[in-house]
Amino acid sequence: MQLDQKETDLLKDLKNGEQLCVEKYTKYSSQANDTQLKNLFSQIAQAEQKHYDIISQMMNGTVPTIESSSGNQPTFSATYTSDSEQKKQDSYLCYDLLSTEKHVSALYDTCIFEFKTEEARNMLNQIQKQEQGHGKSLYDYMSTNNMYC
């Protein structure tokens with residue numbers, strides 16, 4: 001795939017966004033108090049690393065195939081019995097990551113419209129759907145634990 005300057009610049013933005021996601025999810029996994037949340041953050045960090053790798057390959061002119069996810073959203077049980085400091089900290093981490101997912105998803109949305117090749121657009125669309133799934137998982141966790149207002 002031959003990239004024009006605009007596509008190259010957009011991929012750089014996506015790569016930076018994915019790098020930020022990998023770093024945040026990895027860091028927040030070690031900071032989270034709840035085991036369910038630690039596991040969720042770790043799983044999403046791995047998916048974000050795959051996205052980073054795919055964008056890197058696209059920057060080199062190759063559109064790889066992506067493993068289609070099963071679409072199974074994790075289920076959560078309530079963790080907190082009160083509004084503890086641990087809950088407040090975990091809530092902060094979730095809100096920050098949900099905001100990050102919204103930003104990255106919006107960037108993918110723009111990029112999907114800007115790429116010439118259908119193959120690249122389809123790949124970006126698949127990644128965006130996974131990003132939306134990450135946001136849904138965060139929302140579900142927050143909702144289950146009465147964090148989402």
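Me: Which residues touch the most other members of the largest nonpolar core?

Reply: This is a predicted model. Its largest nonpolar core has 38 residues, and Phe41, Met58 and Leu124 touch the most other members. Four helices, α1 (5-31), α2 (35-59), α3 (85-114) and α4, each supply at least two residues of this core. The most come from α3, with nine residues.

Me: What makes Phe41 count as in contact with residues elsewhere in the sequence, and which are they?

Reply: Contact means heavy atoms within 4.5 Å. Neighbours within four places in sequence are left aside. Phe41 is then in contact with Tyr25, Tyr28, Ser29, Ala32, Leu93, Cys94, Leu97 and Leu138.

Me: How do you know that the span of α1 agrees with its number of residues?

Reply: The expected span is 1.5 Å times one less than the number of residues. For the 27 residues of α1 that gives 39 Å. The end C-alpha atoms are 39 Å apart, so the two agree.

Me: Which residues of α1 are called buried, and what do they pack against?

Reply: Buried means under 20% relative accessible area. The buried residues of α1 include Leu10, Leu11, Leu14, Tyr25 and Tyr28. Glu7, Glu18 and Lys24 are also among them. The buried residues of α1 pack against α2, α3 and α4.

Me: Why is Tyr148 called partly exposed?

Reply: Its relative accessibility is 36%. Tyr148 is found in the segment after α4 (118-144).

Me: What makes up the nonpolar surface patch of about 270 Å²?

Reply: Tyr95, Tyr139 and Tyr148 make this patch. A patch residue needs over 30% relative accessible area.

Note on methods: Residues numbered from 1 in each chain as written. Predicted model: local features only at pLDDT ≥ 70, side-chain atom pairs only at ≥ 80, totals over all residues. Heavy atoms only, no water. Patch = residues over 30% accessible without salt bridge, like charges linked within 9 Å, V, L, I, M, F, W, Y side chains within 5 Å. Areas by Shrake-Rupley, 256 points an atom, 1.4 Å probe, with all protein chains shown as cover. Salt bridge = Lys/Arg side-chain N within 4 Å of Asp/Glu carboxyl O. Buried < 20%, exposed > 50% of the residue type's maximum accessible area, 1.4 Å probe, protein only. Core = buried A, V, L, I, M, F, W, Y, C linked by side-chain atoms within 4.5 Å.
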